[in-house]
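Please examine the sequence and the structure shown below. The paragraphs that follow proceed from a surface patch to pairs of charged side chains.

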Amino acid sequence: MIKCILFVFILVFSIGMNAQIQTQKKSLEKKKVEVPVQETLKTRPEISLLDLTERLPSADRYILDLKSLMNYFIDKKIPSDFPLYLKEKSFSYNQRKALKWFRKNRELITDERKVWLQLK
């Protein structure tokens with residue numbers, strides 16, 4: 001009788017243990033995450049700093065918006081000494097100030113932007 005009860009206990013215990021092992025295996029398996037295909041963003045074409053007649057609404061700290069301005073630099077980082085836009089001054093003043101900075105720091109600018117800025 002004791003052997004029969006012990007056999008039933010071991011049988012029930014092993015089934016429960018096997019179920020726990022299967023659950024743990026499933027939780028450890030990494031599921032592939034499906035990334036939805038993103039549509040290309042439709043953005044406005046970039047405008048040369050020389051072609052601007054007024055500051056764009058998207059510009060905040062500088063004469064151009066951050067994304068456009070980062071594309072002017074080889075390493076895509078705006079240097080800390082690049083002039084900030086002075087709101088109390090005119091757009092043409094800020095434009096001249098930025099162009100002066102670009103002329104002094106030609107080594108930081110991409111070749112395409114050098115052509116845009118007429119620095120070549």
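The model shown here is predicted. Is F9 buried or exposed? The relative accessibility of F9 is 54%, and a residue is called exposed when this value is over 50%, so F9 counts as exposed. Together with L6 and I10, F9 makes a nonpolar surface patch of about 320 Å².

Attention may now turn to the charged side chains. How many salt bridges does a search of the whole structure find? The search finds two.

One of these salt bridges joins the side chains of D111 and K114, with a distance of 3.9 Å from N to O. This value meets the cut-off, because a salt bridge requires the nitrogen to lie within 4 Å of a carboxyl oxygen. Both residues are found in helix α4, which covers residues 111–116. D111 and K114 are three residues apart in that helix, which means that about one helical turn separates them. With a relative accessible area of 47%, D111 is partly exposed, whereas K114, at 16%, is buried. The label for K114 follows from the rule that buried means under 20% relative accessible area.

The salt bridge between E112 and R113 has its closest N and O atoms 3.0 Å apart. Which of these residues is buried, and which is partly exposed? E112 has a relative accessible area of 48% and is therefore partly exposed. R113 has a relative accessible area of 4% and is therefore buried.

How values were computed. Residues are numbered from 1 along each chain as its sequence is written. This is a predicted model: local features need pLDDT of at least 70, side-chain atom pairs count only at pLDDT 80 or more; totals for chains, interfaces and linings use all residues. Side-chain values use heavy atoms; hydrogens and water are left out. Helices (H or I, at least four residues) and strands (E, at least two) are DSSP runs, numbered from the N terminus. Buried means under 20% relative accessible area, exposed over 50%, partly exposed in between (1.4 Å probe, protein chains only). Patches are made of residues with over 30% relative accessible area and no salt bridge: like charges are joined within 9 Å, nonpolar side chains (Val, Leu, Ile, Met, Phe, Trp, Tyr) within 5 Å. Accessible areas come from the Shrake-Rupley method with a 1.4 Å probe; for residues, only the protein chains shown count as cover.
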